[in-house]
Amino acid sequence: MSSDPRQTSPEARKVRRKIETLSSTLSLPTVRRALGVLEGEHSSSRLGGNNDPMSTRDYTFEDEARLIDWKASAKLGHPMVIDRERLVTSRVHLLLDNGLEMEGRTSSGESAIEVASNAMCMFAALSARRHDRISLVFGDSKNIIRKPFKGGLAQFEQAIDNGVGGEQRPPRNFEALLAYARTLNDKGSLVVIATDEHALSQDNLHSLRLIAAMHPLMLIDVATLNPFKKIPFGEITDGLNGRRIPAFLISEQSANAVDTHRRYLTAQLQEHLKASGTTLIRAVSSEDMFSQFIHLVSVTLKQTSFASFGPSSTVAGGMA
């Protein structure tokens, strides 16, 4: 990835525009439901939920029909709505692996850090609409940097692009990033961790279980390209020493062996994470991440008997 955050790949910029469109087209009730099915919740004094009733008011065209209080409506002769207390976490922690290894490329030509950054923008877009407090954390072998901020998606995009830009980054320290997540004391707040597939190992599973015991946890796992497959762009080189992959190693047999091994490791990881209640999104590109996120939320909403994305999200869904 270029040191200039504005010089991102066309694929990453395309998905970033989709995220911006999605955040503006989804209705606020849909945004609340979308995040609510992914996070832990507790009572608040905010309106717009399904908890204790707080007030009664006239129905407006922006309200959902299920909120109508039919008894009060029949008594007063026009539709009335009960505003109920909303269950919220009020804070979302977005932890991004910012190590040198995240400059590795994916099969789409994007860097892993670009895909991970777009995943964070996806969560920030919904959280900002709901006025949650967003804590953005960058981690590598030298620093753990937390950037709390206020504002909308545009401000978040600027913060994350500036955070991953600049001079060459030091190597990763994924365990240190997980150790930071274990220190978060606001139980029930949503934690999202983004890294690539090479950072995850059996040694990390215990830390992930401890985090998941305290927080709803989502793990974004970016899959880098298979070094033994032919690619339509440039040449494959070693990220540390710059050496090219020998041509005789680039074969279908070698590529299939790597793909099989990676699928096996991913299946193992999914099994362990599922047991702890952690949600895993393994993406090969920003486009893949975006599609999987929309699918995950849609399926979860359907399973929990909520309404799925309505007509307001047709544009975003059509772009996936």
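D140 touches N98, G99, P170, P171, R172 and N173, leaving aside residues up to four places away in sequence. In this predicted model, D140 sits in the loop that links β4 (133-139) to β5 (144-149). Its relative accessible area is 10%. D140 is therefore buried, since the cut-off for burial is under 20%. The side chain of D140 also makes polar contacts with backbone atoms. It reaches the backbone nitrogen of K142 at 2.8 Å. The backbone nitrogen of N143 is likewise reached at 2.8 Å.

With residues up to four places away in sequence set aside, F156 touches L94, M120, C121, A124, I134, L136 and F149. F156 and A125 are separated by 31 residues in sequence. Their C-alpha atoms are 8.5 Å apart in space.

The packing of helix α1 was examined next. A pair of packed helices is described by the angle between the two axes and the distance between them. Helix α1 (residues 10-25) packs with helix α4 (residues 112-129), and their axes come within 9 Å. The crossing angle is roughly 10 degrees. Angles under 35 degrees count as roughly parallel, so α1 and α4 are roughly parallel to each other. On the α1 side, the contact is made by A12, V15, R16, I19, L22, S23 and S24. On the α4 side, E114, S117, N118, C121, M122, A125 and R129 take part. The residues of this contact divide into seven nonpolar, four polar and three charged.

Helix α1 also meets α5. The axes of α1 and α5 come within 11 Å. They cross at roughly 155 degrees. Angles over 145 degrees count as roughly antiparallel, so α1 and α5 are roughly antiparallel to each other. The crossing of α1 past α5 is right-handed. From α1, the residues in contact are R16, I19, E20 and S23. They meet L153, E157 and D161 of α5. By class, the contact of α1 with α5 holds two nonpolar residues, one polar and four charged.

Methods
Residues numbered from 1 in each chain as written. Predicted model: local features only at pLDDT ≥ 70, side-chain atom pairs only at ≥ 80, totals over all residues. Heavy atoms only, no water. Helix = DSSP H or I, 4+ residues; strand = E, 2+ residues; numbered from the N terminus. Buried < 20%, exposed > 50% of the residue type's maximum accessible area, 1.4 Å probe, protein only. Polar contact = N/O pair within 3.5 Å; in protein donor to acceptor, adjacent residues only side chain to side chain. Contact = heavy atoms within 4.5 Å. Axes fitted to C-alpha atoms, helices over the stretch in contact; angles between N-to-C directions. Parallel < 35°, antiparallel > 145°, perpendicular 65-115°, else oblique. Nonpolar A, V, L, I, M, F, W, Y, C, P; charged D, E, K, R; others polar. Left-handed = near helix turned anticlockwise from the far one by under 90°.
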